[in-house]
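Welcome! Have the sequence and the model open side by side, and let's walk through them together.

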Amino acid sequence: MPDFTWWNLIPTHFDGIALQLGSFPVHWYGLMYLFAFATCYMVIWKTNQKHGIGIRKEQLDSFVTWVIAGILIGARLGYVFFYNPSHYLTSPLEIISPFRYDSDLGFTFVGISGMSYHGGLIGAVVFGIIGMRKNKLPVWETLNLGFLAAPLGYSWGRWGNFVNGELFGEVTTSPIGMLFPMAHDLQLRHPSQLYEMLFEGVILFGILFWLSHYKTFKKQMLPLYLMGYGTFRFFIEFFRHPDNFLGRNDLIGMSRGQTLCVLMIVAGIVLFIWEHRREIKMQRSQKSQEISKPAPVK
């Protein structure tokens, strides 16, 4: 075996399983979802209290429940349709079943693997809007709260990917590379999960939090998130090893993740312009109403 440093060997010390409940393994990645939801909840609630937005706890509890359902359903369906639709069309039960059947072993529990971030994003928005309507929450303001918090929740997910040793990067000769057992080779690879956790999670949150203090950007967290995440992820995808069955075969040699990120960036730009124009119209309308008011009688 080649000489590796302690840094290179970090992933070899993880097996991805946090604890065993009988024959059912509980993976760290699953627990990271709980940490992510809890983190986002606290950020939304604290921001709501600090700025006096007026969301009640029971409203937030119901809204978050809708969002969680949307993330889980959307992430799974997104993986099915964005990444491997032909396989799941022939084996549709695998979409929801955590068991696999083998003629020798019978049914075995393998869990549900394959979740798409972009699918989860779509699911969160769709289900979230339903939750807002049911709880009489202002849609745009609540979306801004949610997407300010989203990067910190996302950071937990990428840490879970790292602990699981999955979604690793391309081969590298750089000393920053790590040995991932799931790659089934002895080559150092970019720890792209950590790149994503840092840039798409922690740094993106810092940028959004900073911009939220400026009037121009305060109500633009959703489009800014789409543009920021899409940009960071697009470039990090060059270091991330794509799914073997997809490769980099999308338009002009992009990976599937890069294609989806381009769509995110475009959507963010369109939403930013739309909201900016809407804000200007509202300001003009308010000014015209003030001008049209009769002067007070002295």
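Helices (H or I, at least four residues) and strands (E, at least two) are DSSP runs, numbered from the N terminus. Two strands pair if DSSP finds at least two bridges between them. With that in hand, look at the hairpin of S1 and S2: 2 residues lie between the strands, and Gly22 takes a positive phi near 65° there. Strand S1 covers residues 17-21 and strand S2 residues 24-27, and the two pair in the antiparallel sense over 4 bridges. Opposite Ile17 you will find His27 in S2.

A word on where this comes from: the model is predicted, so local features need pLDDT of at least 70 and side-chain atom pairs count only at pLDDT 80 or more, while totals for chains, interfaces and linings use all residues. Residues are numbered from 1 along each chain as its sequence is written, and side-chain values use heavy atoms, with hydrogens and water left out.

## The whole protein

Zooming out, the protein has 9 helices and 4 strands. Read along the sequence, they follow the pattern β-β-α-α-α-β-β-α-α-α-α-α-α. The C-alpha atoms fill a box of roughly 90 × 40 × 35 Å, taken along the principal axes.

How much of the protein is buried? Of its 298 residues, 43% count as buried, where buried means under 20% relative accessible area, exposed over 50%, and partly exposed in between (1.4 Å probe, protein chains only). The protein exposes about 17100 Å², and carbon and sulfur atoms supply 68% of that area; accessible areas come from the Shrake-Rupley method with a 1.4 Å probe. Among contacts (heavy atoms within 4.5 Å) with a separation of 6 or more, 66% join residues 24 or more positions apart.

Arg240 sits in the loop between helix H8 (221-236) and helix H9 (256-292). Is this arginine buried or exposed? Arg240 counts as buried because its relative accessibility is 11%. Its side chain makes a polar contact with the side chain of Glu196 at 3.0 Å. For such a contact, a pair of N or O atoms must lie within 3.5 Å; within protein, one must be able to donate a hydrogen and the other to accept it, and residues adjacent in sequence count only if both atoms are side-chain atoms.

Leaving aside residues up to four places away in sequence, Arg240 touches several others, including Arg158, Leu167, Phe168, Ser192, Glu196 and Arg248.

## Ile55, a buried loop residue

Ile55 belongs to the loop between helix H1 (28-51) and helix H2 (57-83). With a relative accessibility of 7%, Ile55 counts as buried. Not counting residues up to four places away in sequence, Ile55 touches Trp45, Asn48, Leu60, Leu137, Thr142 and Leu145. The C-alpha atoms of Ile55 and Gly230 are separated by 29 Å, and these residues are 175 residues apart along the chain.

Leu167 has phi near 55°, a positive value in a residue other than glycine. For His184, phi is also positive, at about 55°, although this residue is not a glycine.

How accessible is His184? His184 is exposed, with a relative accessible area of 73%. Leu167, with a relative accessible area of 30%, is partly exposed.
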